[in-house]
Amino acid sequence: MEESHVPHWGMVIDLAKCVGCDSCTVACKAENRTPPGVTYNVVLEQETGAYPNVRIEAIPRPCMQCENPACVSVCPVSATYRGDDGIVVIDADRCIGCKYCIAACPYGARSADEGSSYAVEMQAADQVTAPEYGVDHGARGKYRGTYGTVRKCTFCAHRIAEGEAPACCETCIGDARYFGDLNDPSSKVAQLAASPRAFRLREELGTNPSVYYLK
């Protein structure tokens with residue numbers, strides 16, 4: 001019997017196409033209903049070139065979904081781990097909010113959920129929730145189920161389960177993001193990841209990110 005194919009989800013971001021519009025950040029906030037202080041998808045900026053020929057380059061930074069994640073080894077309660085599909089997940093029911101993983105992540109991709117709310121700015125803000133990983137965790141007192149835990153990008157695991165791409169990929173106005181199975185050599189994302197233009201952030205650390213960038 002032929003073994004079933006196990007995907008390794010990955011993302012490729014073409015920096016030549018990214019215009020730094022932050023639509024990925026907004027789409028992610030809307031899709032995952034993250035509270036104040038918690039943003040899974042940010043766009044960093046860096047200055048490149050030499051004066052007077054300088055420009056600002058936008059660098060989107062989701063969770064890198066590392067093959068060797070530094071966050072996993074420091075968790076004292078095994079609340080964070082790498083799934084078979086390559087996505088690093090957090091078990092909110094186990095997480096004790098110690099924030100060791102936040103300190104260990106070399107990409108700054110994790111945030112603590114301190115219970116803040118947009119209720120002051122938006123009516124009935126707390127009545128609409130988006131479950132993490134497709135699981136709706138029970139409330140902790142007057143707070144949502146993820147209060148007191150650490151949160152991060154999951155490549156929109158709940159959307160992947162429905163055969164959809166992450167929200168950030170669908171809303172990118174420059175078509176700078178590609179998502180797919182890195183284990184499938186015929187996939188667009190695998191081909192781009194293998195191209196001479198591809199690189200990964202802080203490869204010297206040996207984390208082996210599943211997010212690639214194109215120069």
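Guide: Helix H1 gives the largest share of the lining of the largest pocket, namely three residues (helices being DSSP runs of H or I with at least four residues, strands runs of E with at least two, each numbered from the N terminus). The model is predicted, so local features need pLDDT of at least 70 and side-chain atom pairs count only at pLDDT 80 or more, whereas totals for chains, interfaces and linings use all residues. Residues are numbered from 1 along each chain as its sequence is written, and side-chain values use heavy atoms, without hydrogens or water.

The pocket has a volume of about 560 Å³, the space filled by probe spheres set on grid points joined across faces, edges and corners. A pocket is an open set of points on a 1 Å grid over the protein atoms alone where a 1.4 Å probe fits, with protein on both sides within 12 Å along at least five of seven lines; lining residues have an atom within 4 Å of a point. Its lining comprises 29 residues, and Arg33, Asp126, Val128, Thr129 and Arg144 lie nearest its centre. By class, 12 of the lining residues are nonpolar, nine polar and eight charged.

H1 itself is mostly covered, with seven of its 10 residues buried (under 20% relative accessible area, 1.4 Å probe, protein chains only). These are Ser23, Cys24, Thr25, Ala27, Cys28, Lys29 and Asn32. Their cover includes strands S2 (42-50) and S7 (150-152), helices H4 (157-160) and H5, and strand S8.

The largest nonpolar core has 29 residues, among which Met11, Phe155, Val211 and Tyr213 touch the most other members; such a core joins buried Ala, Val, Leu, Ile, Met, Phe, Trp, Tyr and Cys through side-chain atoms within 4.5 Å. Two or more residues each come from S1 (9-14), H1 (23-32), S3 (53-61), H5 (167-171) and S10 (211-214). S1 gives the most, three residues.

S8, part of the cover of H1, belongs to an open sheet of four strands in the order S8-S1-S10-S9, with mixed pairing (at least two DSSP bridges per pair). S8 (177-181) and S9 (198-199) are its edges, each with a single partner strand, so one side of each lacks a neighbour in the sheet. S1 and S8 run antiparallel and are joined by five bridges; within this pair, Ile13 stands opposite Arg177 of S8.

Notes:
Buried means under 20% relative accessible area, exposed over 50%, partly exposed in between (1.4 Å probe, protein chains only). Contact means heavy atoms within 4.5 Å. Ala, Val, Leu, Ile, Met, Phe, Trp, Tyr, Cys and Pro count as nonpolar, Asp, Glu, Lys and Arg as charged, and the others, Gly among them, as polar.
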